[in-house]
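Subject: Handing over the structure, with notes on what was found

Dear colleague,

I am passing on the structure that we spoke about, and the sequence and coordinates are shown just below.

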Amino acid sequence: MLLPVLFALGAALSNALATVLQRKAALTVPKSEGLRVGLIADLLRRPVWLVGIVAVITAGVCQAVALATGPITVVQPLFVLELPLALVIAAALLQGRLSRAGWLAVGTVVVGLGVVLFAASPAGNRTQVPMTHWIPAVAVCVAAIAVLVVAALRRPEGRGRAACFGLATAISYAMTAALMKTSMHTLDDGGITAFFTTWQTYGFALFGVCALFFLENAMQSGPLVASQPALTLGDACVSLALGITVYAEYVRTGWWLVPQLLGAALIAAGVLALSRLPLARALATEEKEQPGEGTAADAGSAAP
């Protein structure tokens with residue numbers, strides 16, 4: 001289990017870096033009230049965004065290796081660490097520092113995740129999934145994404161809109177991971193020809209592109225503290241559900257549910273505390289600092 005854990009952690013770190021860099025780039029392009037296809041074209045002219053894409057690709061490679069060697073119920077929950085890692089990276093890039101309360105929140109998330117994984121002890125690593133499992137899973141996820149996008153478009157710019165787009169991104173990421181896992185096993189068993197002839201390969205590519213598109217719109221719709229918690233927690237929860245229902249993976253039940261719930265509560269508390277840190281607001285206003293506001297360093301060291 002060490003190999004998938006290490007690669008999953010590498011993917012989480014790369015995604016956190018990508019989130020910060022893409023957020024910085026998204027703040028420099030014109031905003032719009034709807035889904036704007038030209039947004040990607042504008043971002044392609046930003047070197048910071050391109051570096052963020054390199055980080056996204058690195059994360060994808062690490063995630064593919066992790067999913068090919070371990071269960072999705074182990075790999076995807078580790079992406080909960082993206083939010084604390086993103087804020088730590090943001091503090092470094094903004095030449096600020098994470099407050100004591102911030103480090104406490106980071107520690108709370110890490111401890112909570114450790115408790116959940118230890119208590120749940122996820123197991124199972126099915127390599128192939130019948131269509132009778134895929135059809136309802138894809139249908140439910142696509143419907144949920146559609147509802148969230150419509151809800152986002154009906155809301156004004158702000159936290160609610162960003163959260164809806166963030167959750168739509170989370171579901172897209174979870175489906176990307178689920179489909180990628182089968183594709184990686186197909187590549188391992190049948191080679192490159194089988195990889196490019198299985199529908200899951202094109203499925204995870206499509207969901208991956210949608211996730212990137214929704215993520216950019218989430219970043220423009222509101223502050224990082226609104227979209228990132230929905231993305232981070234949503235990805236973990238949906239991936240856990242897909243791992244159990246699609247891949248027939250399993251977790252410990254019975255009295256083990258008590259520490260699992262305790263760990264989940266610690267994660268939620270830590271994420272909520274991180275979402276209130278002024279550092280995240282400093283990241284959102286970094287490009288266009290308003291009169292009377294503090295510097296990034298001040299924001300990073302201020303108490304929540």
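Helix α1 (residues 2–26) gives the most to the lining of the second largest cavity, with four residues. Before going further, please note that this is a predicted model, in which local features need pLDDT of at least 70 and side-chain atom pairs count only at pLDDT 80 or more, while totals for chains, interfaces and linings use all residues. Residues are numbered from 1 along each chain as its sequence is written, and side-chain values use heavy atoms, with hydrogens and water left out.

The overall layout

The protein chain holds 13 helices and zero strands, where helices (H or I, at least four residues) and strands (E, at least two) are DSSP runs numbered from the N terminus. Of its 304 residues, 49% count as buried; buried here means under 20% relative accessible area, exposed means over 50%, and partly exposed lies in between, with a 1.4 Å probe and protein chains only. Among contacts (heavy atoms within 4.5 Å) between residues at least 6 apart in sequence, 83% join residues at least 24 apart.

The cavity and the helices beside it

Ala-18, which is in helix α1, is buried, with a relative accessible area of 1%. Leaving aside residues up to four places away in sequence, Ala-18 touches Gly-52, Ala-55 and Val-56. The C-alpha atoms of Ala-18 and Gly-52 are 4.3 Å apart, although 34 residues separate the two in sequence. Gly-52 and Ala-55 are among the buried residues of α3, which also include Trp-49, Ile-53 and Cys-62. Helix α3 (residues 47–69) has 23 residues and reaches 34 Å from its first C-alpha to its last, close to the 33 Å expected at 1.5 Å a residue, the expected span being 1.5 Å times one less than the number of residues.

The nonpolar cores

A nonpolar core is a set of buried Ala, Val, Leu, Ile, Met, Phe, Trp, Tyr and Cys residues joined through side-chain atoms within 4.5 Å. In the largest one, which has 55 residues, Trp-134, Ile-145, Met-175, Phe-214, Leu-242, Val-246 and Leu-274 touch the most other members. Helix α8 (residues 159–197) supplies the largest share of this core, twelve residues. A second, separate core of five residues includes Ala-16, Val-20, Ala-86 and Ala-90.

Helix α8 also contains His-185, which counts as buried because its relative accessibility is 7%. Apart from its neighbours within four places in sequence, His-185 is in contact with Leu-67, Ala-68, Asn-125, Arg-126, Thr-127 and Gln-128. In helix α9 (residues 199–221) lies Thr-201, which at 6% relative accessibility likewise counts as buried.

Two backbone angles to look at

Most residues other than glycine have a negative phi. Ser-121, however, has a positive phi near 45 degrees; Ser-121 sits in the loop between α6 and α7 (131–153) and is partly exposed, with a relative accessible area of 33%. Ala-248 has a positive phi of about 55 degrees although it is not a glycine. Ala-248 is found in the loop between α10 (224–245) and α11 (257–275), and its relative accessible area of 37% makes it partly exposed.

With best wishes
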